[in-house]
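Open the structure in your viewer and keep the selection panel to hand. The stops below can be taken in order.

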Amino acid sequence: MRVLIVEDDELLAAGLVRILDQTGYAVDRVNSGERADLALSSESYDLVVLDLGLPGIDGFTVLKRLRSRGQSCPVMILTARDDVADKVRGLDSGADDYLVKPFELNEFEARIRALVRRGTQMNSSQLSCGDLLLDTLSHRAWIKQSPLNLTAREWGVLEYLLMRQGQILSKDKILQAVCNWDENISPNAIEVYMSRLRSKLEPAGVNIRTIRGFGYLLEAGDGA
Ligand code: CA
C-alpha cells in the first residue's frame, strides 16, 4: 500500500511516517499543499493523510483538486481545531474520515486500517489464499496454523498480491505500491522478493506465476 502524508508539522509527520512504515506501507511525505498536489497528480496512492492547515494552498483545495481529477483513493483529514464546520466542509469535499489533533497514534493506526479495508472492499482484516492466512490487523501470517515469518518488504508485496488475487500485476505496479521515493529498488529486486515468497509459500499451496512480459499473478495452486 502506498500512502501520502501531507503534514507541515515535522514532529507529527515523523510519527505518522514511522507508524505507517512499521505497518509495512510505502510512505511518502510532503509538507505543503503545492507539493501534495504535484505528488497526487503524478503518482498513484492507496491512501492520503491530509492536514487542512498547510502553507500555500490548504488541504481543502488539495482535496477538491484530487476529486476533480476523478481520483477516488481514501482520504483521512487531520484538523487542528475541533471545529464542526471544518469537519463538515472536509467530508463534503470528499474526505472519507477525519481526526482532530491531538490524537493518539493508536487511534490513527486503527482508523487508517479501516479506511484501507474500505478502499479495497475487504470485509475483514484477514486475507487468504490456499492454506495461507494473513491478518492485516495483528500483522501476522500463518500457513495451516503455523506462523509464517515475513520481512516487512515481503509482507508488503504479499499483501498487495493477496488483495488483487487473479489480477496480473506488473513489476512497476508492485514496485510503485511497496516503495516510497527514498527507496531505490530496481525491478530486479521484485524478482528476488518473488522467489523468496515462492519458497515460503510453497507449503501453503499458493502459486505466484510469472506471466512473461506482463507481470505476476497470485493464485491458489492445484490441490489447494
Ligand atoms: Ca498544519
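What follows is a tour of a metal site, several helices and a few loop residues.

This is a predicted model, in which local features need pLDDT of at least 70 and side-chain atom pairs count only at pLDDT 80 or more, while totals for chains, interfaces and linings use all residues. Residues are numbered from 1 along each chain as its sequence is written, and side-chain values use heavy atoms, with hydrogens and water left out.

**Calcium site**

Select the calcium ion first. Which protein donors does the calcium ion have? They are Asp8 (OD), Asp51 (OD) and Gly53 (O), at 2.2 to 2.4 Å from the ion. Donors here are N, O and S atoms within 2.8 Å of the metal (3.2 Å for Na, K and Ca); water is not among the atoms, so sites may look incomplete. Along the chain, the spacing of the donors reads D-x42-D-x1-G.

Now colour by accessibility. Buried means under 20% relative accessible area, exposed over 50%, and partly exposed in between (1.4 Å probe, protein chains only). Asp51 has a relative accessible area of 2% and is buried, whereas Gly53, at 48%, is partly exposed.

**Helices α2 and α3**

Select residues 33–42, helix α2, and residues 59–68, helix α3. Helices (H or I, at least four residues) and strands (E, at least two) are DSSP runs, numbered from the N terminus. The axes of α2 and α3 come within 9 Å and cross at roughly 15°, which makes α2 roughly parallel to α3. Axes are lines fitted to C-alpha atoms, for helices over the stretch in contact, and angles run from 0 to 180 degrees between N-to-C directions. Angles under 35 degrees count as roughly parallel, over 145 as roughly antiparallel, 65 to 115 as roughly perpendicular, and the rest as oblique.

The crossing of α2 and α3 is right-handed. A crossing is right-handed if the near helix is turned clockwise from the far one by less than a right angle, and left-handed if anticlockwise.

Stay on α3 and pick Ser68, which lies in this helix. Ser68 is exposed, at 62% relative accessibility.

**Helix α4**

Next, select residues 84–92 and look down the axis of α4. The buried residues in α4 are Asp86, Lys87 and Gly90. They fall within an arc of 100°, so they line one face of the helix. The arc is that of the directions from the helix axis to the C-beta atoms. Val84, Ala85 and Asp92 are exposed on the other side of α4.

**Pro102 and helix α5**

Move to the loop between β5 (97–100) and α5, where Pro102 lies. Lys101 and Pro102 are joined by a cis peptide bond, with omega about -5°. Helix α5 covers residues 105–119 and contains Arg117. Arg117 is partly exposed, with a relative accessible area of 23%. A line from the C-alpha of Arg117 to that of Thr61, 56 residues apart along the chain, spans 26 Å.

**Two positive phi values**

Select His139, in the loop between β7 (132–135) and β8 (140–143). His139 is not a glycine, yet its phi is positive, at about 60°. Is His139 buried or partly exposed? Its relative accessible area is 28%, which counts as partly exposed.

Then take Lys144, in the loop between β8 and β9 (146–148). Lys144 is likewise a residue other than glycine with a positive phi, near 45°. Lys144 is exposed, with a relative accessible area of 53%.

Show α6 (residues 152–163) with α7 (residues 171–178): their axes come within 10 Å and cross at roughly 120°. That makes α6 oblique to α7. The α6 and α7 crossing is right-handed.

The last stop is α8, residues 187–201. Its 15 residues reach 21 Å from first C-alpha to last, close to the 21 Å expected at 1.5 Å a residue; the expected span is 1.5 Å times one less than the number of residues. Buried in α8 are Ala189, Ile190, Tyr193, Met194, Leu197 and Leu201. They cover an arc of only 145° around the axis, which puts them on the same side of α8.
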